[in-house]
Amino acid sequence: MAAGTAARGRRAAARRQRRRRLGAASAGAVLLLILLAASWSTLWPYVVGAACLCGLGAVAWWWWRTDRALRGGDRRWRQEEAVRAGHRTLAEVDAMTGTEFEELVAALCRRDGCTEVRRVGGSHDNGADVVGRLPDGRTMVVQCKRFVPTSTIRSRDVRDLLGSAVHFHADVAVFVTTTRFSGPSGSFAVQNGIIAVHRDLLGLWNSGASLTSLIEVNGSGQGDVRHRARWKQTYGTTRRKPGSKRPT
């Protein structure tokens, strides 16, 4: 019984203490309002200024968060696009139209840091399909040939690119194809400083190798006689698909 009475007494004391604190807080708030009202003519510029600063801070914070979200989304999109490009198989590339292949080559150039890249292929392309600048600033012109794998790039196809390089005042000429170069056409490309990206190098480029790394190994990668024999065994004599090109 005594314990219960003591507990009730403690609860009552606690309630009285809370009421005193509430009363003190209310009195303080009223006093603050009275002081503000009495000195409002002096304080209002500071109050308005503080409110404006808070508003500007909130807007700046919102812009900062929005900018971060947009930049992060752009980075994720570029990374996802690079992954998707790398997951394209050469069989999927073979199924592309000529325009789609040119767009793929342009996208790979942009992925590797090339600038001012644009597709110019068409009936009046002057022998070029893609133009732009390498990461080091040199201008480039690109010829794209999506041939069936059993075709061969001949020397006259490569010679046409030299005229395109002169027309576009390009520092570097790049020939990209889904097939292989003949011996004479490959030698002609190397002797005249043309970057010959044959099917094997295209597979490396598509899978993540940079364009500049392909430039460093120009003229290699097509293998010897045994490699060409395996090539014929792999692709055989395939009928040309509608819309695919063969050199003439």
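How many aromatic pairs does the count come to by the ring rule? The answer is in the second legend, after an overview of the chain.

**Figure 1. Overview of the predicted chain.** This is a predicted model, in which local features need pLDDT of at least 70 and side-chain atom pairs count only at pLDDT 80 or more, while totals for chains, interfaces and linings use all residues. Residues are numbered from 1 along each chain as its sequence is written, and side-chain values use heavy atoms, with hydrogens and water left out. The chain has nine helices and seven strands (DSSP runs numbered from the N terminus: helices are H or I of at least four residues, strands E of at least two). Of its 248 residues, 31% are buried (under 20% relative accessible area, with exposed over 50% and partly exposed in between; 1.4 Å probe, protein chains only).

**Figure 2. An aromatic pair.** The count comes to one aromatic pair (rings of Phe, Tyr and Trp, the last by its six-membered ring, pair if their centres lie within 6.5 Å; planes under 30 degrees apart are stacked, over 60 edge-to-face and the rest tilted). The ring centres of phenylalanine 175 and phenylalanine 181 are 5.4 Å apart and the planes lie at 70°, so the pair is edge-to-face. Phenylalanine 175 and phenylalanine 181 are both buried.

**Figure 3. The open sheet.** Five strands are arranged in the order β1-β2-β3-β5-β7, with mixed pairing (two strands pair if DSSP finds at least two bridges between them). β1 (115-119) and β7 (194-197) are at the edges with a single partner strand each, so one side of each has no neighbour in the sheet. From one strand to the next, the twist averages 15°. Strands β5 (residues 172-177) and β7 run parallel and are joined by four bridges. Valine 174 has isoleucine 195 in β7 as its bridge partner.

**Figure 4. Helices on the sheet.** Helix α5 lies across β3 (139-145), β5 and β7, at about 145° to β5 (axes are lines fitted to C-alpha atoms, for helices over the stretch in contact, and angles run from 0 to 180 degrees between N-to-C directions). Helix α7 (residues 199-206) also packs on the sheet, where α7 touches β5 and β7 and makes about 85° with the direction of β7.

**Figure 5. Helix α5 against helix α6.** The axes of α5 (residues 155-167) and α6 (residues 183-191) are 8 Å apart, at an angle of about 20°. The two helices are therefore roughly parallel (under 35 degrees; over 145 is roughly antiparallel, 65 to 115 roughly perpendicular and the rest oblique). Ser155, Val158, Arg159 and Leu162 of α5 meet Pro184, Ser185, Phe188 and Ala189 of α6 (contact means heavy atoms within 4.5 Å).
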